[in-house]
Each structure stands twice: as C-alpha cells, then as structure tokens.
Amino acid sequence: MNAVEILFGDGRYLFLWRGLEVTLLLTVFATVIGLVIGLVIALLQQSEWRPLAASKSLRLQQWRPLAGLANIYTTIIRGTPALVQLLIMYYVVFGSYRGVPKLWIASLAFGINSGAYVAEIIRGGIESIDRGQVEAARSLGLSRWQTMRYVVLPQALKQSLPSLISEGITLLKETSVVGWIGMNDLMRGADNIRFQTATAFESLFAAALIYLGLTTLFTRVMRRVERRLRASD
Amino acid sequence: MIDIKQLHKKYGKNHVLRGIDLSVDRGEVVVVLGSSGGGKSTLLRCINMIEVPTSGRIWVDGIEMTDPATDLNKARTELGMVFQQFNLFPHMTVLDNIMLAPVKVRKLTRTKAKKIALAALDQVGLRDKANDYPSHLSGGQKQRVAIARALAMQPQVLLFDEPTSALDPEMVDEVLAVIKRLAETGITMMVVTHEMSFARDVASRILFLDGGLIIEDGAPEKVINHSSHPKVQSFFAALS
C-alpha cells in the first residue's frame, strides 16, 4: 500500500477528519472553561480577606483563606499529569454517571487543568501592573474591587493575551491523550488507521503534520496579537 | 481641615515619621520642604491612608482616617491626590480617566460626569485632548490631566506629591501655573516640592521636615529667611 491508499482507502481519511473535529471542539470548550476558572482563581489569589485579623497570632492574622484555596488548586493541578486528572474525572468523578457525554467530561477535565495555568498567567499580568495605578485609583475613592475591575484587570489581561493564546496551543496538544477514555480525537483517529493498515509511519506522521499545522496557525495569530499590542502601547 | 496627632511610620527598622503633629486650616496652601528621605511624601501618603501609619491619628474634615470603622473609599473622595509619576490609566482616554471616579464612585450619570470632566479639563487648559490616550501627551500635559482627574471629584483638599519632579524642565512651569491658579481659588492644598520659587510665591505656609519631624513651620518669608534652625538655614543657603 502506498501512502495515499493507507490514508484515503476505504474512507480512512474520515478517521482523521472526524478526529480533528473532536480535537478542535474539545480544545475550544476546554479553553473557554479554563479562561473562566483561571480568571476566578487569579482573583481569589489577590483576595485580601483576612477573617482572623483580630487574632493574637501573627500567622492567623495574615491568613487569607481564599488565596490559600486558590494556591492549593494550582499546586495540585500543576503538580499532577493531565492524563491522571482526565482519568480521575472520567472513572471517579463521573464514574457512576455513564449518560454524560464524554466531550463534556473531557472538556471539564482539561478546562480545570488549563485553569491553573491560566490563573498563573493572569496573576503574572496583574503583578506586572505598576503600583501607582492602584494608588491613583484608590486615591480617587475606588474600592479594591473597582480598582481591579476597571484599572488593573483590563491592563493585566491585555499583557497576558499572548501567553493565554500560547496556553491554548499547549492545550490543543494536551488533548491528544483523550483516547484513554475512548474518545475518537485526531490522535485516536490516526491510531485507528495504524491498526487497520498495520503501518505506523503514514498515520502517525499525518497526525503530527495536522497538529503542527494547527499550532503554526495559532502561533501566527499570537505573533500578530503581540505586534498589535506593542503598537498600541 | 486636616489634623494630625503623633503620626509615626516605620518600614521595618526604618523610622520615617517620628511623631508628626500638624493642623491645616481650610484654604491654607501648605508647601512641604526638606531634604530627600525626610518623610515628606510619606506624610502626604498617610493623610489619605495610601500608606497606613504605624501609629497616630489623622482627621480630615472631622472624619478620622485612622479609625478602622471609617469608610476610606468615601473619605478619600474629599482628598484629591496628584502623583510624581502622574499615574494616568493608559488604557483609557483622557476623558475616561477623568470620568471613571465620578461615574463609579460618585454614581453620577455619564452625561453629568462628562460635563464635570470637560469643566475640569478647561481648568487645566486641555479640553482639546479629551479623546486622546495618555501615551499621546507630553509629560506636562499628563500631569495637567492628572490634576483635572483629581479636580473632577470636587475634593475639599488637594495633595500634590512632587508634581513636577518627573518632568522635563521646560514643562515644569505649565504645571506649576495650573497649581498656582488652583491655589488662588481657595482650595486647601498640601504640596511636596523642590520648586523654591513656587514655595515662595504660592505657599501661605511652609513646613520643613527633617528626620521624620517638622522642624520648622511658618510663613514662607519667616522659614526661608529667618529660620533659627541650622539645618533649614543650610538647606536654603545651598539653593541660593
């Protein structure tokens, strides 16, 4: 069999085509969930709520439970493999709910995973904003939240945008392990061709090329955004 | 208008303010002088609680800023502050910079806030820059916009923290002229500056800070020419 036969014979290209659809849908859903979670976590990290400020112990006075919770989340998520998180989500969390579509479960798992990285990116953005911006806003009477909402976050998100796109690219590649819960994504599609034809080279390189094409495309978008941002400074 | 009792501020071991007692009346224009590191900016920043005092009490217009029960966001609306580095919001137009606090804090309608913002821009002579972004302005223009932004909240007191120190020399005068005009409207002001001619012409009172204490306090003529304090004498001698 030549390469064309391997990839296109018996409609095998449909494995890749339908797999691509699954990969893209999963990436988009997970990215959106990750952005929402990441933003919330980044804001929790900034929380100055100190419920025990009246306590005698200096440690308890400084205790910020919301920030602490956010840090536990990012530590656990960033310290364990995405595949382990995916399998826990599928076999443990949703273990007894077999009616839930796998796409939802996987989107949630990868979204929660990505959220931790997004939070760190946005945190970096927030911390890069000059203290004078906060001082000016507070001196005008804006509350901490209003200062965050109208002054710090808009600038921080703009700063973070290239890194956030880069996180989306990482996520696209991360989703290639989703075959472990039996989803037919691009990687699994290539694998199916590999099984059917008993040839590894063509199917695997086809998958690699498609991934590369997608990441190249998104990297271009990122570079363009970076240039735009620099121009508007 | 402003009353300060035994204000102390420490940063770790660094004791920046060592017991400031001060009372500023309505309509006074107080210029704060002193060598750098003397605590001038810290004093100003403690008044609106951007810097939290280590100990001591501060009242502004009868409201105790240092009382934990005080709504600081509300209290700060009566204290406009102008910073050395301008601190304009770079992602907003000049007009939006000025309208932000009137709309979000004073809860004015956008129409009303815009009217106030444009009037404030008139006061600093920059109405034609309303729709520009800060990055398109010169340093002097940025500082005048920052002054307009503080004015738009119609505060009782204006605090100027070295408003001309970050400016190119040729832009200092346009900013000082604006501050001088404001001083003539009778608003209460405290100005930290190194501009001696401004202190001489505009101040109704000069404070001299050294080592975290007010070591001289009085009319400009008295502080500049007739101080009995050797540190104050040598400070002005070095300038002339």
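**A helix contact, close up**

Modeller: Let's start where A:Ile41, A:Leu44 and A:Gln45 of α2(A) meet A:Leu66, A:Ala67, A:Leu69, A:Ala70, A:Asn71, A:Tyr73 and A:Thr74 of α4(A). Sorted by class, the residues of this contact are seven nonpolar, three polar and no charged. A few ground rules before going on. This is a predicted model, in which local features need pLDDT of at least 70 and side-chain atom pairs count only at pLDDT 80 or more, while totals for chains, interfaces and linings use all residues. Residues are numbered from 1 along each chain as its sequence is written, with chains lettered from A and ligands numbered from 1 in the order in which they are written.

Helices (H or I, at least four residues) and strands (E, at least two) are DSSP runs, numbered from the N terminus. "In contact" says that the C-beta atoms of two residues, placed from the backbone, lie within 7 Å. Nonpolar covers Ala, Val, Leu, Ile, Met, Phe, Trp, Tyr, Cys and Pro; charged covers Asp, Glu, Lys and Arg; the others, Gly among them, are polar.

Now the geometry. The axes of α2(A) and helix α4 (residues 65-78) of chain A come within 7 Å and cross at roughly 135 degrees. That angle makes α2(A) oblique to α4(A). Axes here are lines fitted to C-alpha atoms, for helices over the stretch in contact, and angles run from 0 to 180 degrees between N-to-C directions. Under 35 degrees counts as roughly parallel, over 145 as roughly antiparallel, 65 to 115 as roughly perpendicular, and the rest as oblique. The crossing of α2(A) with α4(A) is left-handed; that is, the near helix is turned anticlockwise from the far one by less than a right angle, whereas clockwise would be right-handed.

Next, follow α2(A) to another partner. Helix α2 (residues 13-45) of chain A and helix α8 (residues 144-174) of chain A have axes that come within 10 Å and cross at roughly 135 degrees. So α2(A) is oblique to α8(A), and this crossing is right-handed. Here A:Thr27, A:Ala30, A:Thr31 and A:Gly34 of α2(A) meet A:Gly168, A:Leu171 and A:Leu172 of α8(A). The class count for this contact is three nonpolar, four polar and no charged residues.

Step back to the whole of chain A. It has 10 helices and zero strands. Its radius of gyration is 22 Å, while a compact globule of 233 residues would have one near 17 Å. (That radius is taken over C-alpha atoms, and the globule rule is 2.2 Å times the number of residues to the power 0.38.) The C-alpha trace of chain A spans about 75 × 50 × 25 Å along its principal axes.

What does chain A touch? In all, 17 residues of chain A are in contact with 19 residues of chain B. On the chain B side, α2 (72-76) and α3 (94-104) each supply at least two of the touching residues. That side of chain B divides into nine nonpolar, seven polar and three charged residues.

Chain B has nine helices and 10 strands. Its radius of gyration is 18 Å, close to the 18 Å from the globule rule for 240 residues, so chain B is as compact as a globular protein of that length.

Some of those strands make an open sheet of six, ordered β6-β7-β8-β3-β9-β10 (chain B), with mixed pairing. (Two strands pair if DSSP finds at least two bridges between them.) β6 (79-82) and β10 (213-218) of chain B are at the edges with a single partner strand each, so one side of each has no neighbour in the sheet. From one strand to the next, the twist averages 20 degrees. β6(B) pairs in the parallel sense with strand β7 (residues 157-161) of chain B, over four bridges.

Another open sheet in chain B has four strands in the order β2-β1-β4-β5, with antiparallel pairing. Strand β1 (residues 2-11) of chain B and β2(B) share eight bridges in the antiparallel sense, and B:His8 stands opposite B:Arg18 in β2(B).

Last, a helix pair in chain B. Helix α5 (residues 139-151) and helix α6 (residues 169-184) of chain B pack at an angle of about 15 degrees, with their axes 8 Å apart. α5(B) and α6(B) are therefore roughly parallel to each other, and their crossing is right-handed.
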